[in-house]
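Here are my notes on the model you sent over.

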Amino acid sequence: MSPSAPKLIVGLGNPGAEYTETRHNAGFWFCERLAQDLGARLNHESRFHGFVGKAGDTWLLLPQTFMNRSGQSVLALAHFYRILPGEILVVHDDLDIPPGQLRLKFGGGLGGHNGLKDITSRLSSQDYWRLRIGIGHPGDKNEVANFVLNRPRREEQTEIDSAIDRALLAWPKIAKGDWNAATQHINARPAAPKEKA
């Protein structure tokens with residue numbers, strides 16, 4: 001497990017206005033908010049097939065290749081700047097986690113996520129960090145494609161936004177490479193709202 005601070009943060013999503021508010025773009029939402037918080041301007045870089053920004057020593061990347069070719073963009077930037085897999089954090093939507101919850105982990109399986117599959121294939125490694133943003137599951141695997149390419153319900157969007165807020169609060173820990181503290185903060189389940197007496 002890499003103890004170093006990340007040199008590349010990748011938000012996963014699909015390009016185009018029709019996908020902007022869909023569940024599959026949760027990784028984009030996080031990176032856009034992070035760029036805003038850090039004052040990093042995201043500009044389109046054709047050589048890296050995506051929108052790219054920099055804050056301090058950290059690169060931010062939003063691939064514009066469509067989800068199942070995300071690795072093309074990640075590899076291009078990582079190779080150019082000699083960034084190792086263990087120095088990369090990929091932020092993506094996750095069907096196996098309910099809205100409002102997050103998981104930060106190093107390595108592991110791909111959970112059927114096409115963006116992760118392509119990144120792992122191109123990097124020839126699955127030893128990179130992932131921040132999984134819960135979007136919930138439709139309950140029927142045949143509905144998954146339709147589900148991720150549609151907008152969350154209003155109450156789900158509120159939960160996802162609050163989870164992203166919580167992840168952004170952990171950014172100073174991630175930026176320092178204090179992954180243990182960041183993991184404890186991010187993976188803690190949010191307190192359930194108290195019932196009124």
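1. Ground rules. This is a predicted model, so to speak of local features we need pLDDT of at least 70, side-chain atom pairs count only at pLDDT 80 or more, and totals for chains, interfaces and linings use all residues. Residues are numbered from 1 along each chain as its sequence is written, and side-chain values use heavy atoms, with hydrogens and water left out.

2. The sheet. Seven strands make an open sheet with mixed pairing, ordered β2-β3-β4-β1-β5-β7-β6. Helices (H or I, at least four residues) and strands (E, at least two) are DSSP runs numbered from the N terminus, and two strands pair if DSSP finds at least two bridges between them. At the edges sit β2 (43–45) and β6 (102–106), each pairing on one side only. Neighbouring strands are turned by 25° against each other on average, direction ignored.

3. Strand β1. On one side, three bridges tie β1 (residues 8–11) to β4 (residues 58–63), and the two run parallel. I9 has L60 as its bridge partner in β4, while V10 stands opposite L61. On the β5 side there are four bridges, again parallel, with G11 partnered by V91. L8 and V10 point one way, I9 and G11 the other, and all are buried. Buried means under 20% relative accessible area, exposed means over 50%, and partly exposed is in between (1.4 Å probe, protein chains only).

4. Which strands does α7 touch? Helix α7 (residues 179–187) packs on β5, β6 and β7 (129–134), and its direction makes about 155° with that of β6. Axes here are lines fitted to C-alpha atoms, for helices over the stretch in contact, and angles run from 0 to 180 degrees between N-to-C directions. Contact means heavy atoms within 4.5 Å.

5. Helix α1. This one spans residues 26–38, 13 residues in all, and reaches 18 Å from first to last C-alpha, close to the 18 Å expected at 1.5 Å a residue. The expected span is 1.5 Å times one less than the number of residues. Its buried residues are A26, G27, F28, W29, F30, C31, L34 and A35. They pack against β1, β4, β5, β7, α5 (154–169) and α6 (171–175). After the helix comes G39, with a positive phi near 70°.

6. The largest pocket. Its volume is about 360 Å³. The lining has 21 residues, with H24, G112, H113, N114 and V148 nearest the centre. β5 and α4 (144–148) are the elements that give two or more residues to that lining. For the method: on a 1 Å grid over the protein atoms alone, a pocket is an open set of points where a 1.4 Å probe fits, with protein on both sides within 12 Å along at least five of seven lines, and lining residues have an atom within 4 Å of a point. Grid points are joined across faces, edges and corners, and the volume is the space filled by probe spheres set on the points.

7. S73 belongs to helix α2 and is buried, at 0% relative accessible area. Beyond four places in sequence, S73 contacts F48, H49, G50, L61, P63 and T65. W171 lies in α6 and counts as buried because its relative accessible area is 9%. Leaving out residues up to four places away, W171 touches P6, I9, L34, L38 and T58.

8. L95. Look in the loop between β5 and β6 for this one; it is partly exposed at 21% relative accessibility. L95 and G136 are 41 residues apart in sequence, yet 4.9 Å apart in space, C-alpha to C-alpha. Among the residues L95 touches are I135, P138, V144 and F147.

9. Backbone checks. Most residues other than glycine have a negative phi. F66 has a positive phi of about 75° although it is not a glycine; it sits in the loop between β4 and α2 and is partly exposed at 39%. S124 also has a positive phi, near 55°, in the loop between α3 (114–123) and β7. At 67% relative accessibility, S124 counts as exposed.
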